[in-house]
Amino acid sequence: MSRSKALQYYIITRLLLAPLMLLTITTIVFLLLRATPGDPADAILGGHAPESAKQELRKQLGLDLPLWLQYLNYIGQMLRLDLGTSLTSRGQPVWEVIGQYFPATAELAVCSMAIALIVGIGIGTLSASRPGTFFDVGGRLFGIITYSLPMFWMGMVLQLIFSVQLGWFPLGTRFSSSLPAPVGITGLYTIDSLLSGNFIQFFTALHHLALPSLTLGVLLSGIFERIVRVNLKQTLRADYVEAARARGIPERKILISHALKNALIPVITVLGLTFASLLGGAILTEVTFSWPGLANKLYEAISLRDYPTVQGVLVFFAVIVVVASILIDILNAYVDPRIKY
Amino acid sequence: MTWFSLSVRRWGRITKFLSLFCLCLFLVVSCGTRQSTTTPTSTSSSANTTTGDGRITIGTTQKPRTLDPSDAYELASLGLVYNMSDRLYTYEPGSTEIKPQLATALPKVSQDGLTYTIPLRQGVVFHDNTPFNAKAMEFTIQRFIGNGGKPSFLLKDVVDSVKATGDYELTIKLKKQFAAFPSLLAFSGVCPISPKAYEIGTGKFKPNIFVGTGPYKLANFGPDSLRFDVFDKYWGDKPANSGINLQILSSPANLFNTFRTGAVDVAYLSLEPDQIRNLEESTTRGDWQAITAQGSVVSYMVLNRNQKPLDQLKVRQAVTALIDRPLIMQRVLYGQAEALYSMVPTTFNVYQSVFKDKYGDGHFDQAKQLLTTAGFSKANPAKLQIWYPTSSPTRALAAQTLKALADQKMDGILQFEISPVESATFFKNVDQGLYPIALLDWYPDFLDADNYIQPFLDCQKGSDAKGCEEGGSQNEGSFYYSEAMNKLIAQERQEQNPEARKKIFAAIQTLEATDIPYIPLWQDKDYVFARKGVSGVQLDPTQNLIYKTIKK
């Protein structure tokens with residue numbers, strides 16, 4: 001079978017397996033939520049509401065039905081792409097909740113990933129190209145420290161330094177409440193404000209985005225730094241690099257044009273894996289910085305046992321991770337001709 | 001040509017450009033737009049609100065779940081509904097007495113105490129310009145009951161029918177006598193809403209809009225901020241400010257720091273006791289001011305009579321005697337609360353300090369004697385678990401303080417074991433009777449002493465042997481059952497004469513202190529912090545921050 005056909009076959013297989021994977025995830029989420037102690041009626045009404053009110057709420061929400069029937073209803077809804085209605089913001093469909101909160105998470109994720117890539121690849125390259133020097137040791141330390149630092153702790157330290165002490169950045173939130181938030185089709189404040197040509201809004205959005213994305217980005221950059229440093233060091237010892245040196249090609253050109261692009265291939269794979277960490281890390285970053293994203297909403301929904309919202313958001317995250325991993329696999333196949341399927 | 005095939009020189013240029021760009025951007029972003037509570041410049045054309053001076057920015061950690069008044073039951077939602085609405089009756093700040101707001105007088109009550117006739121104000125319009133009248137109020141109450149929202153049980157259990165008996169006259173018939181009914185009409189959720197904007201039907205809620213008659217209308221409801229504009233057709237006194245921006249923070253630490261850095265004008269709910277102490281101590285510098293008000297929230301201990309050894313009155317008495325409220329006020333709450341000696345707070349004139357008179361504070365010898373009489377000793381100690389939800393650091397500290405007290409002062413006759421549990425699980429288990437002792441607090445639904453008594457002590461079905469099987473005390477986890485108490489509660493609910501009612505409440509409090517299903521601990525004080533130059537900050541007795549009087 002030719003490589004392109006094998007790749008097509010692989011993509012189709014992955015796409016066909018994706019619904020099965022999502023069904024497994026949704027089932028696990030459904031069962032785990034029901035196994036968690038606590039009851040949405042208690043969480044929503046509070047402990048003091050009369051039992052009759054709780055019973056009525058359970059009936060309204062369909063929580064009085066047998067578990068298998070609840071599961072069938074849930075799967076039926078999923079097949080119709082209906083994620084249900086939030087139990088806490090009653091009357092609001094979960095899709096609307098996702099639409100309301102996801103842009104904030106997406107903006108933070110994209111910005112953090114950009115910072116992680118720039119910082120990680122930059123420091124990794126610098127470290128690998130100067131073995132045994134201060135840059136090498138510094139790069140190693142940077143990788144270990146950023147990899148091991150807790151996200152919330154780093155966030156709070158940055159808040160204390162840059163917001164409380166220096167007053168350079170806001171402590172949190174996505175936008176200043178004293179300004180009307182940008183309105184636009186993307187929901188990404190930086191993009192929407194630019195599209196509407198409002199630079200005050202753009203800089204305000206950027207000002208608010210800086211610290212949370214820096215926290216998440218710098219902490220994730222450690223992963224890329226380590227991979228780039230290790231791979232680049234190996235590549236720089238490869239025969240074709242030696243051959244290039246023998247031909248008198250300048251070291252910088254060898255590094256950037258020949259070695260780095262090969263060393264970056266594993267970064268693409270890790271990029272996909274980091275996506276899941278990014279969404280996980282987003283919960284802590286969003287809570288620390290009062291960032292009104294979907295991860296923060298998920299945390300809230302879990303506390304309130306808002307089953308439809310938790311299920312909907314997790315399935316949505318799962319879809320993102322599955323799609324991202326498929327795309328990364330495809331990209332890998334195109335970039336690296338050695339990969340076989 | 002691909003990115004990788006660019007020459008070294010071009011890569012160098014790109015790197016330099018990017019570095020310079022990032023540096024410039026960092027400088028512009030960090031130095032350019034400092035956080036400010038005022039917005040001197042006008043903004044985009046998409047803005048649907050004015051952002052000039054005179055707007056007040058309030059910081060809070062209380063995120064509203066919904067703005068639909070028929071489903072709003074938490075402080076966060078009710079506080080906003082309160083400020084965007086009017087009720088038939090309301091409270092004067094600092095008082096628990098109701099006064100008419102959209103009603104023009106107190107209700108006329110029929111001889112049998114079942115029919116309430118309420119005259120309504122004319123010339124009031126909703127935010128969507130629909131006129132307010134008795135039909136709109138009828139619609140509101142029917143929707144409140146019919147849609148089955150969180151607080152619907154408040155009226156559902158009481159109201160039989162509601163009818164507009166004139167353009168501006170409303171008649172409400174009750175299922176049973178309930179003397180505190182007018183106070184129930186002051187509940188923020190029972191505010192008139194435009195019949196054009198809402199509909200009646202189970203579960204038909206509109207969580208993201210609000211169309212009422214109050215001094216502010218909703219301009220924007222975002223995930224982390226809300227904006228309220230002044231309603232220019234408001235019938236009453238106009239607000240002292242030109243609008244409110246509400247900034248929602250995810251943690252007390254963020255609220256504390258946001259206020260200290262001047263990003264919000266007012267900080268209200270919820271700061272931790274040590275943060276309040278810090279801000280209160282530094283008010284002398286003059287950067288901000290602290291406004292305190294007596295709160296209506298009570299914290300208490302539930303004693304489950306169905307769990308051994310709490311089934312013995314002497315053990316319950318011993319636990320009551322050893323509690324040292326002044327110590328808890330000092331060590332746990334830094335003086336930010338008032339010791340409470342009845343389940344009814346001191347704000348009500350029916351309050352009696354029954355627990356102080358009967359048991360006092362920190363009477364360890366008495367406690368030891370009671371436990372010894374009950375058959376406990378150092379070799380055979382009374383072991384009790386204290387449970388509390390993890391979401392409350394204050395209750396965690398209170399539990400630890402009580403444990404330390406028992407360990408140090410009770411010579412091993414009494415042993416407390418403290419057990420934190422996640423909130424949703426905690427509330428699930430309280431009414432199942434799983435906890436011998438639980439630490440809880442109570443946010444009143446309406447301001448009447450009945451609301452601190454009936455939900456805790458009333459029992460519809462039960463016996464002396466089994467305790468309460470169905471009713472308030474089962475729901476609250478004490479499983480208290482007393483025929484005498486049930487009768488007293490029924491009497492106070494029927495009695496319209498305030499003096500006679502006061503006597504009944506005195507008897508109820510005495511009986512409660514004798515049987516000890518609950519031990520009152522403290523009554524919160526509410527704290528608001530406002531930056532220098534901000535004035536008119538007030539709280540109503542139901543813990544709502546009053547927006548319209550704030551100015552700067």
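**Exercise 1. Is Glu286(A) buried or exposed, and where does Glu286(A) sit?**

Start with the cut-offs: buried is under 20% relative accessible area, exposed is over 50%, and partly exposed is in between (1.4 Å probe, protein chains only). Glu286(A) has 0% relative accessibility, so Glu286(A) counts as buried. Next, find the element: Glu286(A) is placed in helix 12 of chain A, residues 265-288. Helices here are DSSP runs (H or I, at least four residues) and strands are E runs of at least two, numbered from the N terminus.

A quick note on the model: it's predicted, so local features need pLDDT of at least 70 and side-chain atom pairs pLDDT 80 or more, while totals for chains, interfaces and linings use all residues. Residues are numbered from 1 along each chain as written, chains are lettered from A and ligands numbered from 1 in written order, and side-chain values use heavy atoms, without hydrogens and water.

**Exercise 2. Which residues form the nonpolar patch on the surface, and which helix gives the most to it?**

Patch residues have over 30% relative accessible area and no salt bridge; nonpolar side chains (Val, Leu, Ile, Met, Phe, Trp, Tyr) are joined within 5 Å, like charges within 9 Å. A salt bridge is a Lys or Arg side-chain nitrogen within 4 Å of an Asp or Glu carboxyl oxygen. The members are Phe152(A), Trp153(A), Met156(A) and Leu284(A), with about 380 Å² of accessible area together (Shrake-Rupley, 1.4 Å probe, only the protein chains shown counting as cover). Helix 7 of chain A, residues 151-165, gives the most, with three residues. Met156(A) is found in helix 7, and its relative accessible area of 38% makes Met156(A) partly exposed.

**Exercise 3. What lines the largest cavity?**

On a 1 Å grid over the protein atoms alone, a cavity is a set of points where a 1.4 Å probe fits but cannot get out; lining residues have an atom within 4 Å of a point. Points join across faces, edges and corners, and volume is the space filled by probe spheres set on them. The largest cavity has about 150 Å³ and 15 lining residues, with Thr60(B), Gly79(B), Tyr268(B), Leu269(B) and Tyr547(B) nearest its centre. Helix 2 of chain B supplies the largest share, five residues. By class, the lining has nine nonpolar, six polar and no charged residues (nonpolar: Ala, Val, Leu, Ile, Met, Phe, Trp, Tyr, Cys, Pro; charged: Asp, Glu, Lys, Arg; polar: the others, Gly among them).

Key:
1 Å grid on protein atoms, 1.4 Å probe; cavity = no way out; pocket = protein on both sides within 12 Å on 5 of 7 lines; lining within 4 Å.
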